[in-house]
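User: Please take a close look at one part of this protein for me. I would like a connected account.

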Amino acid sequence: MTKPLVLLLGEIEHAHEEWASISEIADIIEPKARSREEFIKECKSGAFDNVVATYRTFQSVAITGLIDEELIALLPRSLKFIAHNGAGYDQIDVHACTAHGIRVSNVPTAVDDATADTNMFLILGALRGFNTSMIALRNGHWKGSPPPPLGHDPQGKVLGILGMGGIGRNLKKKAEAFGMTVQYYNRSKLSEELSGGAKYVGFDELLKTSDVLSLNLPLNKQTRHIISTKEFEQMKKGVVIVNTARGAVMDEAALVVALEKGQVWSCGLDVFEEEPKVHAGLIANPHVMLVPHMGTWTVETQTKMETWCIDNIRSAIEKGKLMSPVGEQKDI
Ligand SMILES: O=CC(=O)O
(Lines give C-alpha, C1' and ligand atoms only; values in the text may rest on other atoms or scores of the structure.)
Protein backbone atom coordinates (compact mmCIF):
# COMPACT_ATOMS: atom_id res chain seq x y z
CA MET A 1 0.00 0.00 0.00
CA THR A 2 1.34 3.46 -0.83
CA LYS A 3 2.01 5.68 2.12
CA PRO A 4 0.60 9.20 2.38
CA LEU A 5 2.91 11.93 1.12
CA VAL A 6 4.31 14.63 3.44
CA LEU A 7 6.09 17.76 2.18
CA LEU A 8 8.90 19.10 4.35
CA LEU A 9 9.36 22.87 4.02
CA GLY A 10 12.45 23.77 6.05
CA GLU A 11 14.82 21.70 8.13
CA ILE A 12 14.48 19.31 11.05
CA GLU A 13 17.45 20.28 13.20
CA HIS A 14 16.89 18.48 16.50
CA ALA A 15 14.02 15.98 16.72
CA HIS A 16 15.62 13.56 14.28
CA GLU A 17 14.30 10.37 15.89
CA GLU A 18 10.74 11.69 16.00
CA TRP A 19 10.98 12.74 12.36
CA ALA A 20 12.41 9.33 11.40
CA SER A 21 9.32 7.76 12.94
CA ILE A 22 7.17 9.76 10.50
CA SER A 23 8.91 8.03 7.59
CA GLU A 24 7.42 4.77 8.87
CA ILE A 25 3.92 6.06 8.23
CA ALA A 26 4.50 8.50 5.35
CA ASP A 27 6.78 9.18 2.39
CA ILE A 28 8.55 12.49 2.74
CA ILE A 29 9.45 14.81 -0.10
CA GLU A 30 11.28 18.14 -0.13
CA PRO A 31 11.19 20.93 -2.69
CA LYS A 32 14.15 21.57 -4.95
CA ALA A 33 13.17 25.24 -5.18
CA ARG A 34 15.35 27.91 -3.61
CA SER A 35 13.03 30.87 -4.25
CA ARG A 36 9.30 31.56 -4.40
CA GLU A 37 9.46 31.75 -8.17
CA GLU A 38 11.02 28.29 -8.34
CA PHE A 39 8.60 26.97 -5.74
CA ILE A 40 5.63 28.17 -7.77
CA LYS A 41 7.08 26.48 -10.87
CA GLU A 42 7.54 23.28 -8.90
CA CYS A 43 3.92 23.45 -7.69
CA LYS A 44 2.74 23.93 -11.26
CA SER A 45 4.87 21.03 -12.50
CA GLY A 46 2.87 18.68 -10.28
CA ALA A 47 5.90 17.81 -8.12
CA PHE A 48 3.77 18.01 -4.97
CA ASP A 49 0.70 16.24 -6.28
CA ASN A 50 -0.82 13.87 -3.71
CA VAL A 51 0.86 15.60 -0.77
CA VAL A 52 -1.53 15.37 2.17
CA ALA A 53 0.32 17.29 4.85
CA THR A 54 3.19 19.73 5.08
CA TYR A 55 5.54 20.50 7.94
CA ARG A 56 6.82 24.06 7.62
CA THR A 57 9.26 26.22 9.52
CA PHE A 58 9.30 30.00 10.03
CA GLN A 59 12.54 30.16 8.01
CA SER A 60 11.07 28.31 5.02
CA VAL A 61 9.39 31.60 4.08
CA ALA A 62 12.74 32.38 2.40
CA ILE A 63 11.88 29.71 -0.19
CA THR A 64 8.10 29.79 -0.47
CA GLY A 65 7.31 33.35 0.51
CA LEU A 66 4.11 33.85 2.49
CA ILE A 67 1.54 31.05 2.41
CA ASP A 68 -0.96 33.45 0.89
CA GLU A 69 -3.97 33.19 -1.39
CA GLU A 70 -1.78 32.94 -4.51
CA LEU A 71 0.27 30.05 -3.17
CA ILE A 72 -2.64 28.23 -1.56
CA ALA A 73 -4.46 28.18 -4.90
CA LEU A 74 -1.39 26.53 -6.49
CA LEU A 75 -0.87 23.88 -3.82
CA PRO A 76 -2.30 20.46 -4.70
CA ARG A 77 -5.94 19.74 -3.92
CA SER A 78 -4.78 16.73 -1.92
CA LEU A 79 -3.18 19.01 0.70
CA LYS A 80 -5.31 18.97 3.83
CA PHE A 81 -2.93 19.92 6.64
CA ILE A 82 -0.26 22.54 7.26
CA ALA A 83 1.67 22.03 10.49
CA HIS A 84 3.56 25.23 11.27
CA ASN A 85 6.55 25.00 13.58
CA GLY A 86 6.07 28.18 15.60
CA ALA A 87 3.61 29.92 17.86
CA GLY A 88 2.93 32.88 15.56
CA TYR A 89 1.40 31.89 12.23
CA ASP A 90 1.06 35.31 10.59
CA GLN A 91 2.99 33.98 7.56
CA ILE A 92 -0.07 31.85 6.74
CA ASP A 93 -3.38 33.17 5.43
CA VAL A 94 -5.58 30.98 7.59
CA HIS A 95 -8.77 32.41 6.07
CA ALA A 96 -7.67 31.30 2.58
CA CYS A 97 -6.61 27.90 3.96
CA THR A 98 -10.07 27.43 5.49
CA ALA A 99 -11.68 28.31 2.15
CA HIS A 100 -9.54 25.64 0.46
CA GLY A 101 -10.29 23.01 3.11
CA ILE A 102 -6.79 23.11 4.59
CA ARG A 103 -6.35 22.80 8.34
CA VAL A 104 -3.51 24.66 10.03
CA SER A 105 -1.78 24.01 13.34
CA ASN A 106 0.79 25.98 15.32
CA VAL A 107 2.99 25.29 18.33
CA PRO A 108 1.65 26.91 21.48
CA THR A 109 2.90 26.17 25.04
CA ALA A 110 6.33 24.81 24.02
CA VAL A 111 7.50 28.36 23.27
CA ASP A 112 6.22 29.99 26.45
CA ASP A 113 9.18 29.73 28.83
CA ALA A 114 11.93 30.67 26.38
CA THR A 115 9.96 33.61 24.96
CA ALA A 116 8.94 34.89 28.39
CA ASP A 117 12.58 34.56 29.53
CA THR A 118 13.69 36.68 26.57
CA ASN A 119 10.91 39.11 27.42
CA MET A 120 12.13 39.40 31.02
CA PHE A 121 15.74 39.87 29.85
CA LEU A 122 14.58 42.73 27.62
CA ILE A 123 12.49 44.28 30.40
CA LEU A 124 15.45 44.25 32.79
CA GLY A 125 17.92 45.40 30.13
CA ALA A 126 15.69 48.23 28.94
CA LEU A 127 14.81 49.38 32.47
CA ARG A 128 18.45 49.35 33.56
CA GLY A 129 19.75 50.84 30.32
CA PHE A 130 22.49 48.21 30.15
CA ASN A 131 22.98 48.38 26.41
CA THR A 132 24.90 51.68 26.22
CA SER A 133 27.54 50.53 28.67
CA MET A 134 27.81 47.06 27.16
CA ILE A 135 28.71 48.75 23.87
CA ALA A 136 31.07 51.23 25.59
CA LEU A 137 32.92 48.45 27.41
CA ARG A 138 33.58 46.57 24.16
CA ASN A 139 34.86 49.77 22.62
CA GLY A 140 37.35 50.22 25.47
CA HIS A 141 35.44 53.02 27.23
CA TRP A 142 34.34 51.16 30.38
CA LYS A 143 30.86 52.57 31.31
CA GLY A 144 31.12 55.23 28.62
CA SER A 145 31.95 58.88 28.86
CA PRO A 146 29.83 60.46 30.19
CA PRO A 147 28.44 57.37 31.99
CA PRO A 148 24.87 56.50 31.08
CA PRO A 149 21.95 57.78 33.16
CA LEU A 150 20.99 55.64 36.15
CA GLY A 151 18.55 52.88 35.28
CA HIS A 152 15.35 51.85 37.03
CA ASP A 153 14.49 48.86 39.22
CA PRO A 154 11.64 46.54 38.23
CA GLN A 155 10.46 46.38 41.87
CA GLY A 156 7.22 48.27 42.35
CA LYS A 157 6.73 49.04 38.65
CA VAL A 158 3.46 48.30 36.89
CA LEU A 159 3.86 45.90 33.99
CA GLY A 160 1.07 46.07 31.42
CA ILE A 161 0.75 42.92 29.33
CA LEU A 162 -1.04 43.35 26.02
CA GLY A 163 -2.18 39.86 25.06
CA MET A 164 -2.54 37.37 27.88
CA GLY A 165 -1.98 34.09 26.04
CA GLY A 166 0.50 31.44 27.11
CA ILE A 167 3.53 33.74 26.84
CA GLY A 168 1.81 36.66 28.59
CA ARG A 169 0.72 34.43 31.47
CA ASN A 170 4.19 32.92 31.78
CA LEU A 171 5.71 36.40 31.78
CA LYS A 172 3.31 37.49 34.51
CA LYS A 173 4.71 34.92 36.93
CA LYS A 174 8.31 35.81 36.08
CA ALA A 175 7.71 39.55 36.39
CA GLU A 176 6.06 39.09 39.80
CA ALA A 177 9.20 37.31 40.99
CA PHE A 178 11.02 40.57 40.18
CA GLY A 179 8.56 42.56 42.27
CA MET A 180 6.45 43.97 39.43
CA THR A 181 2.69 44.44 39.66
CA VAL A 182 0.96 43.00 36.61
CA GLN A 183 -2.12 44.23 34.78
CA TYR A 184 -3.30 43.08 31.38
CA TYR A 185 -5.57 43.70 28.45
CA ASN A 186 -6.81 40.85 26.32
CA ARG A 187 -9.71 40.53 23.84
CA SER A 188 -11.57 38.76 26.59
CA LYS A 189 -11.13 38.72 30.35
CA LEU A 190 -9.48 35.58 31.65
CA SER A 191 -10.79 33.48 34.53
CA GLU A 192 -9.22 34.29 37.88
CA GLU A 193 -7.36 30.98 37.73
CA LEU A 194 -5.86 31.65 34.28
CA SER A 195 -4.98 35.28 34.95
CA GLY A 196 -3.42 34.35 38.29
CA GLY A 197 -5.12 37.40 39.83
CA ALA A 198 -3.61 39.96 37.43
CA LYS A 199 -5.85 43.03 37.10
CA TYR A 200 -7.88 43.20 33.88
CA VAL A 201 -7.97 46.74 32.48
CA GLY A 202 -9.21 48.37 29.29
CA PHE A 203 -6.82 48.96 26.38
CA ASP A 204 -6.59 52.73 27.02
CA GLU A 205 -6.11 52.25 30.75
CA LEU A 206 -3.30 49.79 30.07
CA LEU A 207 -1.56 52.40 27.94
CA LYS A 208 -2.11 55.20 30.44
CA THR A 209 -1.10 53.42 33.64
CA SER A 210 1.71 50.98 32.80
CA ASP A 211 5.36 51.77 33.60
CA VAL A 212 6.45 48.96 31.31
CA LEU A 213 4.32 47.78 28.40
CA SER A 214 4.89 44.30 27.03
CA LEU A 215 3.47 43.24 23.66
CA ASN A 216 2.48 39.58 23.69
CA LEU A 217 -0.32 39.42 21.17
CA PRO A 218 -0.44 37.71 17.77
CA LEU A 219 -0.10 39.67 14.55
CA ASN A 220 -3.22 39.77 12.38
CA LYS A 221 -5.29 42.37 10.52
CA GLN A 222 -6.77 43.68 13.78
CA THR A 223 -3.47 43.97 15.65
CA ARG A 224 -1.21 45.40 12.90
CA HIS A 225 0.13 48.74 14.25
CA ILE A 226 -2.11 48.48 17.30
CA ILE A 227 0.60 50.62 18.93
CA SER A 228 1.29 53.79 16.95
CA THR A 229 1.56 57.57 17.47
CA LYS A 230 -1.86 57.99 19.12
CA GLU A 231 -1.14 55.17 21.54
CA PHE A 232 2.37 56.41 22.42
CA GLU A 233 0.83 59.79 23.26
CA GLN A 234 -1.49 58.18 25.81
CA MET A 235 1.36 56.42 27.62
CA LYS A 236 3.20 57.63 30.73
CA LYS A 237 6.14 59.82 29.79
CA GLY A 238 9.26 57.66 30.02
CA VAL A 239 7.47 54.35 29.50
CA VAL A 240 9.52 51.25 28.66
CA ILE A 241 8.20 49.03 25.85
CA VAL A 242 9.15 45.45 25.12
CA ASN A 243 8.10 43.38 22.11
CA THR A 244 8.73 39.66 21.66
CA ALA A 245 5.56 39.08 19.60
CA ARG A 246 5.81 40.37 16.03
CA GLY A 247 7.39 43.63 14.89
CA ALA A 248 4.36 44.84 12.96
CA VAL A 249 2.07 45.01 15.99
CA MET A 250 3.91 48.29 16.65
CA ASP A 251 4.54 51.11 14.18
CA GLU A 252 8.35 51.13 14.18
CA ALA A 253 8.70 54.58 12.58
CA ALA A 254 6.35 56.03 15.22
CA LEU A 255 8.35 54.26 17.93
CA VAL A 256 11.56 55.90 16.74
CA VAL A 257 9.87 59.33 17.00
CA ALA A 258 8.49 58.50 20.47
CA LEU A 259 12.01 57.49 21.59
CA GLU A 260 13.50 60.69 20.18
CA LYS A 261 10.91 62.77 22.03
CA GLY A 262 11.58 60.91 25.28
CA GLN A 263 7.96 59.80 25.44
CA VAL A 264 9.37 56.25 25.39
CA TRP A 265 12.46 56.03 27.62
CA SER A 266 13.72 52.78 26.29
CA CYS A 267 12.62 49.63 24.60
CA GLY A 268 13.62 46.02 24.20
CA LEU A 269 12.86 44.38 20.88
CA ASP A 270 13.25 40.80 19.71
CA VAL A 271 11.08 41.28 16.61
CA PHE A 272 10.97 43.85 13.82
CA GLU A 273 8.57 44.96 11.14
CA GLU A 274 10.68 43.84 8.19
CA GLU A 275 13.04 41.21 9.48
CA PRO A 276 15.96 40.95 8.96
CA LYS A 277 15.89 44.71 8.31
CA VAL A 278 15.92 46.89 11.43
CA HIS A 279 14.85 50.54 11.35
CA ALA A 280 17.96 52.77 11.18
CA GLY A 281 16.54 54.91 14.02
CA LEU A 282 16.60 51.90 16.33
CA ILE A 283 20.10 50.83 15.33
CA ALA A 284 21.31 54.39 15.92
CA ASN A 285 19.89 54.50 19.45
CA PRO A 286 22.40 52.72 21.72
CA HIS A 287 19.96 52.82 24.61
CA VAL A 288 17.51 50.34 23.15
CA MET A 289 18.01 46.60 23.52
CA LEU A 290 17.85 44.79 20.20
CA VAL A 291 17.88 41.01 19.81
CA PRO A 292 17.57 39.40 16.34
CA HIS A 293 14.41 37.29 16.88
CA MET A 294 15.87 34.79 19.35
CA GLY A 295 12.88 34.33 21.64
CA THR A 296 12.83 30.54 21.22
CA TRP A 297 16.50 30.14 20.28
CA THR A 298 17.47 27.38 22.71
CA VAL A 299 18.24 23.71 22.13
CA GLU A 300 15.55 22.63 24.58
CA THR A 301 12.80 24.83 23.16
CA GLN A 302 13.63 24.21 19.50
CA THR A 303 13.56 20.47 20.22
CA LYS A 304 10.20 20.76 22.01
CA MET A 305 8.79 22.82 19.13
CA GLU A 306 9.91 20.39 16.44
CA THR A 307 8.57 17.44 18.42
CA TRP A 308 5.23 19.21 18.86
CA CYS A 309 4.98 20.00 15.16
CA ILE A 310 5.89 16.42 14.22
CA ASP A 311 3.13 15.24 16.58
CA ASN A 312 0.71 17.36 14.56
CA ILE A 313 1.85 15.62 11.37
CA ARG A 314 1.44 12.22 13.02
CA SER A 315 -2.02 13.13 14.25
CA ALA A 316 -3.01 14.40 10.78
CA ILE A 317 -1.93 11.14 9.17
CA GLU A 318 -3.15 8.70 11.77
CA LYS A 319 -6.30 10.45 12.99
CA GLY A 320 -7.15 12.78 10.12
CA LYS A 321 -6.95 15.84 12.38
CA LEU A 322 -4.37 18.16 13.82
CA MET A 323 -3.49 18.07 17.52
CA SER A 324 -3.28 21.85 18.02
CA PRO A 325 -5.37 23.64 15.39
CA VAL A 326 -4.99 27.42 15.23
CA GLY A 327 -7.59 29.51 17.06
CA GLU A 328 -9.50 30.48 13.91
CA GLN A 329 -10.12 26.81 13.08
CA LYS A 330 -10.80 25.46 16.58
CA ASP A 331 -14.54 25.21 15.96
CA ILE A 332 -14.47 23.60 12.50
O1 LIG B 1 8.60 33.70 16.82
C2 LIG B 1 8.50 32.58 17.19
C3 LIG B 1 7.29 31.80 17.08
O4 LIG B 1 6.29 32.31 16.55
O5 LIG B 1 7.29 30.65 17.53
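Predicted model: local features only at pLDDT ≥ 70, side-chain atom pairs only at ≥ 80, totals over all residues.

How far apart are the centres of domain 1 and domain 2, taken over C-alpha atoms?

Analyst: Residues are numbered from 1 along each chain as its sequence is written, and side-chain values use heavy atoms, with hydrogens and water left out.

The centres of domain 1 and domain 2 are 32 Å apart, taken over C-alpha atoms. Six residues of domain 1 and five residues of domain 2 make the contact (heavy atoms within 4.5 Å). Domain 1 takes in 5-110 + 300-329, and domain 2 is 112-290. These bounds come from an automatic or database domain assignment.

Now the ligand. Around it sit Gly86, Ala87, Gly88, Val111, Arg246, His293 and Met305, each with a heavy atom within 4 Å. By class, three are nonpolar, three polar and one charged. Here Ala, Val, Leu, Ile, Met, Phe, Trp, Tyr, Cys and Pro count as nonpolar, Asp, Glu, Lys and Arg as charged, and the others, Gly among them, as polar.

Polar contacts are pairs of N or O atoms within 3.5 Å. Ala87 places a backbone N or O atom 2.7 Å from a ligand oxygen. For Gly88, a backbone N or O atom lies 2.8 Å from an oxygen of the ligand. Arg246 uses a polar side-chain atom, 2.8 Å from a ligand oxygen. The protein buries 85% of the 190 Å² that the ligand exposes taken alone (Shrake-Rupley method, 1.4 Å probe).

Key
Polar contact = N/O pair within 3.5 Å; in protein donor to acceptor, adjacent residues only side chain to side chain.
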